[in-house]
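Dear colleague,

Please find below the structure that I am handing over to you, together with its sequence.

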Amino acid sequence: MQIKIRKATKKDFNTICKFVNKLDDFETTLTPILSNSKARRLEVRNGVAEKLASSKSKYFLAEVDGSIVGAGCATIVEPTKAKFTLRKVGLLEKLFVSEDYRGKGIATKLIEARMTWLRKQGVEWFESNICANNTVSLKASEKAGFKPYSIIMHKYEF
Ligand SMILES: CC(C)(COP(=O)(O)OP(=O)(O)OC[C@H]1O[C@@H](n2cnc3c(N)ncnc32)[C@H](O)[C@@H]1OP(=O)(O)O)[C@@H](O)C(=O)NCCC(=O)NCCS
């Protein structure tokens, strides 16, 4: 099986939205505070369009035999100068691999490609927000060398 990783273009807009929607559907099963409502679907479309148009973001896609089977986004953020010593932070976001293609190293390749692009933009610090109970994603992130540095504590009162 040959896996091709490529940068997305505006033509990939609908495909990317489908992947982000699938990620939302999955994440709503992990935590009840997340939503995959109609309003959220619209927010996803706006967010994807914004990222495709921005020089600070890049979506990467994984292809097998001409079909897109995975996606992930890299975004550069600039933290507030007063608080942080870092000038550029690279966010790895919106990672999703189609069920039939999991466990074949596709996420690993999507992480590598996004980190390579972010490094070229001057990023030395990489971050990824992962739900604490998303054990598979945590493992994939650890495999790429990531470690936890901040933990959001929560308590449900509803
Ligand atoms: C998380 C996800 C992107 C991983 O994609 P993938 O292509 O299957 O991952 P890889 O094949 O590159 O595996 C990377 C590592 O993750 C871990 N991993 C992958 N699948 C696993 C599984 N089913 N159980 C436990 N660990 C697993 C392993 O450590 C693996 O490394 P190894 O193969 O050397 O052991 C995929 O499962 C997915 O799309 N899940 C739903 C969406 C999601 O959680 N996205 C991330 C949001 S933060």
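The largest share of the shell around the ligand comes from α4, which contributes five residues. Please bear in mind throughout that this is a predicted model.

In total, 19 residues surround the ligand. The closest are R102, A107, T108, K139 and A140. Sorted by class, the shell consists of 10 nonpolar residues, five polar residues and four charged residues.

As to the chain as a whole, its secondary structure amounts to four helices and five strands. Read from the N terminus, these elements follow the order β-α-α-β-β-β-α-β-α. The chain is as compact as a globular protein of its length, because its radius of gyration of 16 Å is close to the 15 Å that the globule rule gives for 158 residues. Along the principal axes, the C-alpha atoms fill a box of roughly 45 × 40 × 30 Å.

Two further values describe the packing of the chain. Of its 158 residues, 22% count as buried. Among contacts in the chain with a separation of 6 or more, 60% are accounted for by residues 24 or more positions apart.

With kind regards

Note on methods: Residues are numbered from 1 along each chain as its sequence is written. This is a predicted model: local features need pLDDT of at least 70, side-chain atom pairs count only at pLDDT 80 or more; totals for chains, interfaces and linings use all residues. Helices (H or I, at least four residues) and strands (E, at least two) are DSSP runs, numbered from the N terminus. The radius of gyration is taken over C-alpha atoms; the globule rule is 2.2 Å times the number of residues to the power 0.38. A residue is buried if 20 or more other C-beta atoms lie within 10 Å of its own, exposed if 12 or fewer, and partly exposed in between; C-beta atoms are placed from the backbone. Two residues are in contact if their C-beta atoms, placed from the backbone, lie within 7 Å. A residue is near a molecule or strand if its C-beta atom, placed from the backbone, lies within 6 Å of it. Ala, Val, Leu, Ile, Met, Phe, Trp, Tyr, Cys and Pro count as nonpolar, Asp, Glu, Lys and Arg as charged, and the others, Gly among them, as polar.
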